[in-house]
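Please look over the structure shown here before reading on. The briefing that follows goes through it topic by topic.

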Amino acid sequence: MAGDTGPGEPVDPAAGLPAQLAETLRYGPFHRALREAIAHRGLSLARLRAHLDRLGVQVGQSTLSYWQRGLRHPEVPRAISTVRALETVLHLPANSLLVLIGPRHRPPGAERPAQAAFADLSRTWADTTALLAEFDAIPESIRCNTDLDVLSVHDTVLVGAQREQRSVTTRLVVRAMRSGPDRYLAVHQGDEGCHIDLATVRTAEGCRQGRLRRQPSSRGMVAELLFDRRLSEGEIHVFSFTVIDEPGTATPGFQRTFRDNCPNYLLQMGFHRRVLPARCTRQFRVRDDTTPVEADDLVCGLGGVVSAYFANVGPGLAGVAVEWT
């Protein structure tokens with residue numbers, strides 16, 4: 001069996017490839033070629049990611065997993081350098097993977113790929129999404145935010161002196177996939193013991209509050225955030241809002257569910273200076289009933305703030321798990 005070889009060793013690109021892998025590299029598809037190349041070199045995804053990191057290429061382990069399973073495809077031109085690095089690490093002929101990803105541009109008017117269902121990713125959504133039915137006066141594409149491509153999310157969570165979640169401030173950068181979207185429906189899940197009926201929403205830049213719907217049984221709330229106009233196709237819009245929680249028990253952390261890929265997600269949690277957590281872990285999982293595919297310890301820095309950054313995250317759940325003494 002091939003071992004865990006380093007990317008810097010000299011290799012004859014035409015040598016050592018089994019016939020099946022050589023044929024897949026010639027005819028594709030990309031995900032099968034990548035999967036077979038990884039298996040041939042005997043690398044785990046964690047080791048593959050470490051080799052890429054040494055080459056200065058940052059890519060999430062979850063992204064590599066999605067690529068090799070065909071659940072996602074490298075986007076051209078952004079992923080070209082990453083695919084070239086994969087060829088180096090996996091000792092493949094130059095451009096052998098690159099030619100398989102090809103142009104991925106959607107023609108005008110084409111539908112975007114099907115997104116994952118929130119309820120399939122997180123059990124808490126199975127009940128909470130029932131609230132969306134109360135917005136049946138607006139089209140489903142708007143009700144489910146599918147007309148908006150989320151480019152960046154920044155969540156700031158404040159935790160109080162009783163270890164309770166006090167507020168969540170969210171800033172989003174979105175792009176209109178087609179002309180017409182004029183609102184965003186935000187779903188909030190309160191911690192155990194909170195009184196969701198008393199939670200409130202404060203809007204800031206780029207939006208104003210519309211309707212609110214709450215569900216005490218699931219501690220869920222849906223807030224309608226209205227823009228000041230209908231967005232045109234391709235338009236970028238930035239908006240932010242804060243959910244003020246009615247405190248519950250000690251927070252176990254915070255996580256956001258992504259039904260589609262998001263290029264940038266930053267989550268920051270600020271703790272009361274007198275009550276700091278014992279441990280904070282950056283985590284990503286495909287579904288909330290699975291073990292994390294990424295888990296990294298975080299340092300609680302000056303001012304009692306931990307920061308977790310995720311690049312090209314989703315579909316799945318990204319967040320910070322908190323442990324208390």
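Directly after helix H2, Gly42 adopts a positive phi of about 70°. The model discussed here is a predicted one, and the chain it describes contains 9 helices and 13 strands. Of the 325 residues in the chain, 47% count as buried, and the accessible surface comes to about 15,800 Å², of which 50% belongs to carbon and sulfur atoms. Among the contacts in the chain with a separation of 6 or more, 73% are accounted for by residues 24 or more positions apart.

**Helix H2**

- H2 is made up of 12 residues and reaches 17 Å from its first C-alpha to its last, which is close to the 16 Å expected at 1.5 Å a residue.
- The buried residues in H2 are Phe30, Ala33, Leu34, Ala37, Ile38 and Arg41; because they cover an arc of only 130° around the axis, they are placed on the same side of H2.
- These buried residues of H2 pack against several other helices, namely helix H1 (19-27), helix H3 (45-54), helix H4 (61-69), helix H5 (80-89) and helix H6 (98-101).

**His31, a residue of H2**

- His31 belongs to helix H2, which covers residues 30-41, and with a relative accessible area of 25% His31 is partly exposed, since buried would require a value under 20% and exposed a value over 50%.
- Leaving aside residues up to four places away in sequence, His31 touches Trp67, Gln68, Arg69 and Gly70.
- The C-alpha atom of His31 is separated by 9.0 Å from that of Leu100, although the two residues are 69 residues apart along the chain.

- In H5 the buried residues are Thr82, Val83, Ala85, Leu86, Glu87 and Val89, and what covers them includes H2, H3, H4 and H6.
- After H5 comes His91, with a positive phi near 60°, and the place of His91 is in the loop between H5 and H6.
- His91 has this positive phi of about 60° although His91 is not a glycine; as background, most residues other than glycine have a negative phi.
- Is His91 buried or exposed? With a relative accessible area of 7%, His91 is buried, because that value falls under 20%.

**The sheet of 4 strands**

- An open sheet is formed by 4 strands in the order E8-E13-E10-E11, and the pairing in this sheet is antiparallel.
- Its edge strands are strand E8 (253-258) and strand E11 (294-298), each of which pairs on one side only.
- Neighbouring strands of this sheet are turned against each other by 15° on average, with direction ignored.
- Within the sheet, strand E10 (residues 279-285) and strand E13 (residues 316-323) pair in the antiparallel sense over 7 bridges, and Arg285 stands opposite Leu317 in E13.

**The sheet of 3 strands**

- Another open sheet has 3 strands in the order E3-E6-E5, and the pairing here is antiparallel.
- Strand E3 (183-189) and strand E5 (208-215) stand at the edges with a single partner strand each, so one side of each is left without a neighbour in the sheet.
- On average, and with direction ignored, neighbouring strands of this sheet are turned by 20° against each other.
- E5 is joined by 6 bridges to strand E6 (residues 220-226), and the two run antiparallel, with Gln215 standing opposite Gly220 in E6.

**Asn312 in strand E12**

- Where does Asn312 lie? Asn312 has its place in strand E12, which covers residues 305-313.
- Asn312 has a positive phi of about 50° although Asn312 is not a glycine.
- At 23% relative accessibility, Asn312 counts as partly exposed, because partly exposed covers the values between under 20% for buried and over 50% for exposed.

How values were computed: Residues numbered from 1 in each chain as written. Predicted model: local features only at pLDDT ≥ 70, side-chain atom pairs only at ≥ 80, totals over all residues. Heavy atoms only, no water. Buried < 20%, exposed > 50% of the residue type's maximum accessible area, 1.4 Å probe, protein only. Contact = heavy atoms within 4.5 Å. Expected span 1.5 Å × (residues − 1). Arc of directions from axis to C-beta. Pairing = 2+ DSSP bridges. Axes fitted to C-alpha atoms, helices over the stretch in contact; angles between N-to-C directions. Areas by Shrake-Rupley, 256 points an atom, 1.4 Å probe, with all protein chains shown as cover.
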